[in-house]
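Biologist: I would like to go through this model term by term. Please give the criterion each time before you use a word.

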Amino acid sequence: MSESDPPVVLIVEDEPDVAETYTLWLEGEYEVRMGQNGDEGLELLDETVDVVLLDRMMPGLSGDEVLSQIRERDLGCRVAMVTAVEPDFDILEMGFDAYLSKPIRSGQLHDTVTNLLERSEYDSLLQEYYALVEKQATLEATKSSAELADSDEYEALTEEIAELRDGLSDTLGGIEDDDDFIATLRGLSNGDEE
Amino acid sequence: MYDLSSVLEFDALAQVRPGSSILVSGPAMTGKQQLVYDILADGAREGDGAVVVTTSDKAADVAEEFHDRVPGLEGAQLGVVDCRGEGGADPELIDGVSVHQVSSPGDLTGIGIGITKALEGLHNSGRDRGRLALVSLSTMLTYTDKKTVFKFCHVLSSRLDAAGYVGLFTIDSGAHDEQTIQVIKQAFDGLIDIREATGGGREARVLGLANEPTDWQHI
């Protein structure tokens, strides 16, 4: 996602009225794409898509099948499953990032998309944080403490690390929520967080 | 605040802020696991919840050990996340202790789900304070690279911070290069360093939890 362009949301939903409603709610803030079934959804999917809203029960490819293809293509987008029944914990174990139970209200949809974008933001901050910590550790391993005390590079690095740490604790409320916790860990195992 | 100084006598450990995560680092056979189990058992005797994430001990052995150490331990007070990959997939009760099986020490999502369920169980039994031990990061590092383990530690520390728990994570300092230890350390609020003392016995020092690192001290 670049700084200036709005985030891209892909809606995969076989009921045109429903898809239209979601689009109306979201189009002010996001670039919205619509696919009427799994195949169309996969065609519209590329690395610019940030969030996918995926209906679970569709004719043709099911939501689960679409999800596994998305994960295989390793695109790093976040996927929310839209379902008619209240799912349980297993949904997260299956690899979805979030779920929404129909009927969905506008506020709920906005909250979910915002939360998923924040998770992506958290992942990239964490990646940046790691890179700096590693750099710092290398300096510490190769220089004496006197050299470190004199090094402007080391000082700047230490400051940057402190700033990023604060940034991380401000993002996602510092991982207060169980779903955020598990989804973030799954991102690490997939190795797709970069 | 958590008082860990009754187990390890350091002023720096007398008032540990809820949400702190501490790395326990030392060579093999210096009693790191015993130390963190002692800290959990000490809390459990005062009514704190306990969560043990283990990559080496059978859940049944952990349950038995805590029953031995804590007379009157209530089952709902302890949750064990067994990452050896040898148990079944379903949660089970061993001696009244809830056990969550994870397929391998490299299955971070599974570990996260196990910890979430254990925390939920403790919360539902009305415990808002607790201590979590993860034994050991060294095993996890043989399954996953240090970048992933670092991120895992950071995310788990954040989760424990939100829960107001204290976390204790062991690492075998002899099993990894200096740079790896240096990186992993950064994911924690504090460090308990253990080493063999010249002339026998062990000594420890505490870093990051008070303004100044403590001196080495016999334990």
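Modeller: Helices (H or I, at least four residues) and strands (E, at least two) are DSSP runs, numbered from the N terminus. By that rule chain A has nine helices and five strands. Read from the N terminus, the elements of chain A follow β-α-β-α-β-α-β-α-β-α-α-α-α-α. This is a predicted model, in which local features need pLDDT of at least 70 and side-chain atom pairs count only at pLDDT 80 or more, while totals for chains, interfaces and linings use all residues. Residues are numbered from 1 along each chain as its sequence is written, and chains are lettered from A and ligands numbered from 1 in the order in which they are written.

Biologist: What makes S1 and S2 of chain A a pair?

Modeller: Two strands pair if DSSP finds at least two bridges between them. Strand S1 (residues 8-12) of chain A and S2(A) have five bridges, in the parallel sense, so they pair by the definition. Val9(A) faces Val32(A) in S2(A).

Biologist: Why are S2 and S5 of chain A called edge strands?

Modeller: The open sheet has five strands in the order S2-S1-S3-S4-S5 (chain A), with parallel pairing. Strand S2 (31-35) and S5 of chain A each pair on one side only. From one strand to the next the twist averages 20°.

Biologist: Which strands of chain A does H5(A) lie across, and at what angle does H5(A) run to S5(A)?

Modeller: H5(A) lies across S1, strand S3 (49-55), S4 and S5 of chain A, and runs at about 180° to S5(A). Axes here are lines fitted to C-alpha atoms, for helices over the stretch in contact, and angles run from 0 to 180 degrees between N-to-C directions.

Biologist: How do you know what span to expect for H7(A)?

Modeller: The expected span is 1.5 Å times one less than the number of residues. Helix H7 (residues 152-170) of chain A has 19 residues and reaches 27 Å from its first C-alpha to its last, close to the 27 Å expected. Just after H7(A), Leu172(A) has a positive phi of about 60°.

Biologist: Where do the domain bounds of chain A lie?

Modeller: Domain 1 is 8-115 and domain 2 is 121-190 in chain A; such bounds come from an automatic or database domain assignment. The centres of the two, taken over C-alpha atoms, are 31 Å apart. The C-alpha trace of chain A spans about 65 × 30 × 30 Å along its principal axes.

Biologist: Is Asp74(A) buried or exposed, and what makes it so?

Modeller: A residue is buried if 20 or more other C-beta atoms, placed from the backbone, lie within 10 Å of its own, exposed if 12 or fewer, and partly exposed in between. Asp74(A) has 10 C-beta neighbours inside 10 Å and therefore counts as exposed. Ala60(B), in helix H2 (residues 59-69) of chain B, has 16 such neighbours and so counts as partly exposed. In chain A, buried residues make up 33% of the 194 residues.

Biologist: Why mention the phi of Asp74(A)?

Modeller: Most residues other than glycine have a negative phi, and most peptide bonds are trans. Asp74(A) is not a glycine, yet has a positive phi of about 55°; Asp74(A) sits in the loop between helix H3 (63-73) and strand S4 (78-83) of chain A. Met29(B), also not a glycine, has a positive phi of about 65°. The peptide bond from Lys102(A) to Pro103(A) is cis, with omega near -5°, and the bond from Val135(B) to Ser136(B) is cis with omega near 0°.

Biologist: How many residues of chain B are in contact with chain A, and what makes a contact?

Modeller: Two residues are in contact if their C-beta atoms, placed from the backbone, lie within 7 Å. On that basis 21 residues of chain B are in contact with 21 residues of chain A. H5(B) gives the most to the side of chain B that touches chain A, with eleven residues.

Biologist: Which classes do the residues on that side of chain B fall into?

Modeller: Ala, Val, Leu, Ile, Met, Phe, Trp, Tyr, Cys and Pro count as nonpolar, Asp, Glu, Lys and Arg as charged, and the others, Gly among them, as polar. The side of chain B that touches chain A then divides into seven nonpolar, nine polar and five charged residues.
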